[in-house]
Every structure is written in C-alpha cells, then in structure tokens.
Amino acid sequence: MTVESERACCFKTENKFIVKSGCKKRMWRSLKQILAADRVLPWPEDAVLYYSINAPPTFKPTKKYSDISGLPAPYMDRHSKLYYSNAEEFATVRNLPMDITAGYLQLRGATTIVG
C-alpha cells in the first residue's frame with residue numbers, strides 16, 4: 001500500500017470504533033465519542049470527515065403549509081400572502097385584521113410587509 005493511497009484511506013489503518021477493556025471482548029462507542037476522537041486527530045485539510053460534509057441543495061420545491069390549520073396548502077391569498085388549504089380558510093384569511101396577518105407572516109418568517 002503506497003503512502004498516497006494510505007493517506008486517502010486513512011480510516012482503514014486501524015479500527016478506532018472498538019474499545020477493548022477488561023474481560024469484555026468488544027465495547028462499541030457512540031457516534032458522539034467517535035466524532036470527538038476524530039476531531040482531535042491531525043487530519044489533512046482535504047480529508048472528508050463526518051462533521052465536514054455539507055448536503056447539496058435540493059431541487060425539489062419546498063412544501064407549503066396553511067398558516068391557519070397547518071395542512072398542506074396549495075393556495076396563497078394575493079392580498080395578505082397567507083397560505084390556505086380550502087375555501088373555509090380563505091374566508092377566515094380574508095376577514096383577519098392586518099395586525100394578525102402580520103403576526104402570521106412573522107411566525108412563518110416571511111419578510112414581506114403587508115400594506
């Protein structure tokens with residue numbers, strides 16, 4: 001095994017996941033213990049570790065839920081920018097005062113100011 005391939009597959013050199021103690025043959029570490037042990041080891045900068053992997057962005061659109069009931073909402077009110085799921089919720093959304101509508105938008109994290 002060459003030095004370059006050993007460096008690329010450095011996790012195969014020794015089994016750090018198993019701890020031998022006393023009369024027990026094997027004692028498994030938790031993921032938290034493994035990550036803590038990996039953080040203190042001198043890894044090369046280009047090494048891919050558990051805590052350094054970033055997930056790629058998703059191509060699926062985000063799901064929208066009703067601001068009133070929490071059900072999946074296929075509709076959005078153009079005036080208040082609130083999501084709703086059926087005709088009853090639409091009537092409720094249209095009758096809400098502006099301060100309540102602004103509160104719902106703030107809870108959802110929408111930065112659009114209703115005016």
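Colleague: What does the accessible surface of the chain come to?

Modeller: About 9,900 Å², and carbon and sulfur atoms hold 59% of that. The areas are Shrake-Rupley values with a 1.4 Å probe, and for residues only the protein chains shown count as cover. Keep in mind that this is a predicted model: local features need pLDDT of at least 70, side-chain atom pairs count only at pLDDT 80 or more, and totals for chains, interfaces and linings use all residues. Residues are numbered from 1 along each chain as its sequence is written, and side-chain values use heavy atoms, with hydrogens and water left out.

Colleague: And how much of the chain is buried?

Modeller: Buried residues are 17% of the 115 in the chain. Buried here is under 20% relative accessible area, exposed is over 50%, and partly exposed is in between (1.4 Å probe, protein chains only).

Colleague: Switching topic, what order do the elements run in?

Modeller: From the N terminus on, α-β-β-α-β-β-α-α. That gives four helices and four strands. Both are DSSP runs numbered from the N terminus: helices are H or I with at least four residues, strands are E with at least two.

Colleague: What share of the contacts is between residues 24 or more positions apart?

Modeller: 18%, counted among the contacts with a separation of 6 or more. A contact means heavy atoms within 4.5 Å.

Colleague: How many aromatic pairs are there?

Modeller: Two. Y75 and Y84 are stacked, 5.5 Å centre to centre with 25° between the planes. Y84 also pairs with F90, and that one is tilted, at 5.0 Å centre to centre and 45° between the planes. The rule is that rings of Phe, Tyr and Trp (its six-membered ring) pair if their centres lie within 6.5 Å; planes under 30 degrees apart are stacked, over 60 edge-to-face, the rest tilted. Y75, Y84 and F90 make up one aromatic cluster.

Colleague: Is Y84 buried or exposed?

Modeller: Buried, at 13% relative accessible area. Y75 is partly exposed at 43%, and F90 is partly exposed too, at 28%.

Colleague: Where does D77 sit?

Modeller: In the loop between strand 3 (75–76) and strand 4 (83–84). D77 counts as buried because its relative accessibility is 2%.

Colleague: Which residues is D77 in contact with?

Modeller: Leaving aside neighbours within four places in sequence, D77 contacts L82, Y84, F90, V93 and R94.
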